[in-house]
Amino acid sequence: MAKYLLLKHYRGGPAPAVDCAPMDQWTPDEVDAHVQFMRDFAARLEETGEFVDTQALTPDGAFVRYDGEGRPPVTDGPFVETKDLIAGWYIIDVESWNRAVHLAGELSAAPGPGGKAIYEWLEVRPFLGDSPTVTE
Amino acid sequence: MRDLVPAVIGVLVRRGADFASAEDAVQDALVEAVRVWPDDPPKDPNGWLVTVAWRKFLDATRADASRRRREVRTEGEPMPGPVEAVDDTLQLYFLCAHPSLTPASSVALTLRAVGGLTTRQIAQAYLVPEATMAQRISRAKRTVSTVRFNQPGDVAMVLRVLYLVFNEGYSGDVDLAAEAIRLTRQLAAKINHEEVAGLLALMLLHHARRPARTGLGGRLVPLAEQDRSLWNTRLIAEGVDVLQIALARHRLGEFQAQAAIAALHADARTVEETDWVQIVEWYDELVGLTDSPVARLNRAVAVGEADGPRAGLAALAELDPALPRHTAAAAYLHERDGDPATAARLYAEAARSAPSLPERDHLTRQAARLNAQLAGLPHRVPPDVASPPNPRAFPQ
């Protein structure tokens, strides 16, 4: 088994396959259906023994960095208009890369306006694990 | 106490409990044992567990109205005579490594039903939520629920599972390597099979090196740089003994061959004393037995030690460059061949595709060391982590 991050970029990533409106312009029912889809996806993963974590992020926040000894950290942002807004993630523990891609494909079919799939790009990233005991 | 678990499950199954319920009941009995035994240790722990687990099973069966019919059936049956615990335990190993299960399910079920670990412990060891691991285990139990308990099993599948547990390492609360050794030892005591012995020897020989495998801050210390005085000589001696008895049966298998390689490393008091020619011969055996690309890759590195880096690079050139650790091996051999620029570039490339954090850090360090050397910079490292003058960098 290996762990993968399914990163939801919201409107980032490669050119969108479907140009759908931002979520705040959907109807409340469409938003509910989308959120329910996400919950169901997590519940299915738990049922198959593949779920590790899911979290959503607020769009707020800022870049922060060290600014030298004795000085307060520097902040920059928030960048409300940023194109690539990480909206959240799932972490899964699965048998293979193919399984991770399959699940990301399912997640990408989340419903949007009119109940149609939004064809969202998801970034799939393998976790670095521990090194195995026997390597020779 | 956990040693008793598989036999107790076996007794319950023979009395008519289905495997999943028996397994649950024994877990419940273990919880009670942890509570009761410290103040009131039983004279016969095995009998105590059987009695309590059987009661738990009946309670659970009674509580479930839909199972009423089975209750009547099981309670109506006479108690069987003395039970052969040995066979029961063995059957449980086979069941938990049944071919219908995925490797991850087999691992989880083995740790729980044979190892007696709690779901929480297993979840922690594999860094997943307890609910996820509980599902994995209950799905696995459902999958094997129709398998008859007395069907002959496949030893090779069991060994594969135990090997996976051992190789997972020791990051969590539960020492999976030690647990794998315990379960393999228990298996070796119940079945006379040369590959079971081979795997046990392999585990013991690798476990012996564990104190030397990691340095400050968890950094990976390659075999060639390990402080061999930290190796556990008792485990090495045991591993070699177990291996020799297995090899004497002249039925070679992949675990015996791997253990033989580990034994040759263990036998060298310094890295210079390593018998690389014999190691290459064992890799030839291993490649013949498994045709594994990983074995071929490791063979190429060993050839580089036995016949020089050029020979190693030639052996490597015959393999698929997409193999894991191919680039790392190439980097190492190029450095040994006196080409630090190529080696540095390949180490950096290998670091980017390293499958684990310790390996990535190790490879990055190798690239940095060579780049600093190429730039003519003084190689500043704290004395306690300094590399030897001619570092053998390939992690083995």
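Student: Is Phe41(A) buried or exposed?

Tutor: This is a predicted model, in which local features need pLDDT of at least 70, side-chain atom pairs count only at pLDDT 80 or more, and totals for chains, interfaces and linings use all residues. Side-chain values use heavy atoms, with hydrogens and water left out; residues are numbered from 1 along each chain as its sequence is written, and chains are lettered from A and ligands numbered from 1 in the order in which they are written. Buried means under 20% relative accessible area, exposed over 50%, and partly exposed in between (1.4 Å probe, protein chains only). The relative accessible area of Phe41(A) is 1%, so the residue is buried.

Student: Which kind of aromatic pair do Phe41(A) and Tyr90(A) form?

Tutor: Rings of Phe, Tyr and Trp (its six-membered ring) pair if their centres lie within 6.5 Å; planes under 30 degrees apart count as stacked, over 60 as edge-to-face and the rest as tilted. Tyr90(A) is buried, at a relative accessible area of 3%. Its ring centre is 5.1 Å from that of Phe41(A) and the planes stand at 90 degrees, so the pair is edge-to-face.

Student: How many residues apart in sequence are the parts tied together by Tyr4(A) and Trp97(A)?

Tutor: The ring centres of Tyr4(A) and Trp97(A) are 5.9 Å apart with planes at 55 degrees, so this pair is tilted. Helices (H or I, at least four residues) and strands (E, at least two) are DSSP runs, numbered from the N terminus. Tyr4(A) lies in strand β1 (residues 2-8) of chain A and Trp97(A) in helix α2 (residues 97-108) of chain A, so the separation of the parts is 93 residues.

Student: Which ring lies under the charged end of Arg209(B)?

Tutor: A charge sits over a ring if NZ of Lys or CZ of Arg is within 6 Å of the ring centre and within 35 degrees of the ring normal. Arg15(B) lies over the face of Trp54(B), at 5.2 Å from the ring centre. For Arg209(B), the distance to the ring centre is 5.7 Å, and the ring is that of Trp231(B).
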